Amino acid sequence: MTEHQKLDKEEWEAQINALLEGELDPEEAEALKWAATADQELARSIVEAYQLQRAMEGVQVEKAPASLRRCLKQIPRQHR
């Protein structure tokens, strides 16, 4: 992977995350989606990101037991 490709991929990831978070304006969102019509890797990345987001929405988050939270709070910051 060239440096240019790496930057493109990093830029894609930032744009995809912004798309999923609703942070892109409509023109930016459309531009990203249009670019995906010509780039299968970008399209696949967008689909995978949407799938991951949906999967994460279904994950139940459980709070750690109070005893564990107390133990963790006792660990000095420099060791965390």
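The model is predicted, so local features need pLDDT of at least 70 and side-chain atom pairs count only at pLDDT 80 or more, while totals for chains, interfaces and linings use all residues. Residues are numbered from 1 along each chain as its sequence is written, and side-chain values use heavy atoms, with hydrogens and water left out.

The protein chain has four helices and zero strands, assigned as DSSP runs (H or I, at least four residues, for helices; E, at least two, for strands) and numbered from the N terminus. Of its 80 residues, 15% are buried, where buried means under 20% relative accessible area, exposed over 50%, and partly exposed in between, with a 1.4 Å probe and protein chains only. Among contacts (heavy atoms within 4.5 Å) between residues at least 6 apart in sequence, 42% join residues at least 24 apart.

Two residues can be set side by side.

Leaving aside neighbours within four places in sequence, Ala49 is in contact with Ile16 and Leu20. Ala49 and Glu13, 36 residues apart in sequence, are 9.1 Å apart in space from C-alpha to C-alpha.

Arg70 belongs to a positive surface patch together with Lys63, Arg69 and Lys73; patches are made of residues with over 30% relative accessible area and no salt bridge, like charges being joined within 9 Å and nonpolar side chains (Val, Leu, Ile, Met, Phe, Trp, Tyr) within 5 Å. A salt bridge is a side-chain nitrogen of Lys or Arg within 4 Å of a carboxyl oxygen of Asp or Glu.

Technical notes. Areas by Shrake-Rupley, 256 points an atom, 1.4 Å probe, with all protein chains shown as cover. Lys, Arg positive; Asp, Glu negative; His and termini not counted. Charge placed at Lys NZ, Arg CZ, Asp CG, Glu CD.
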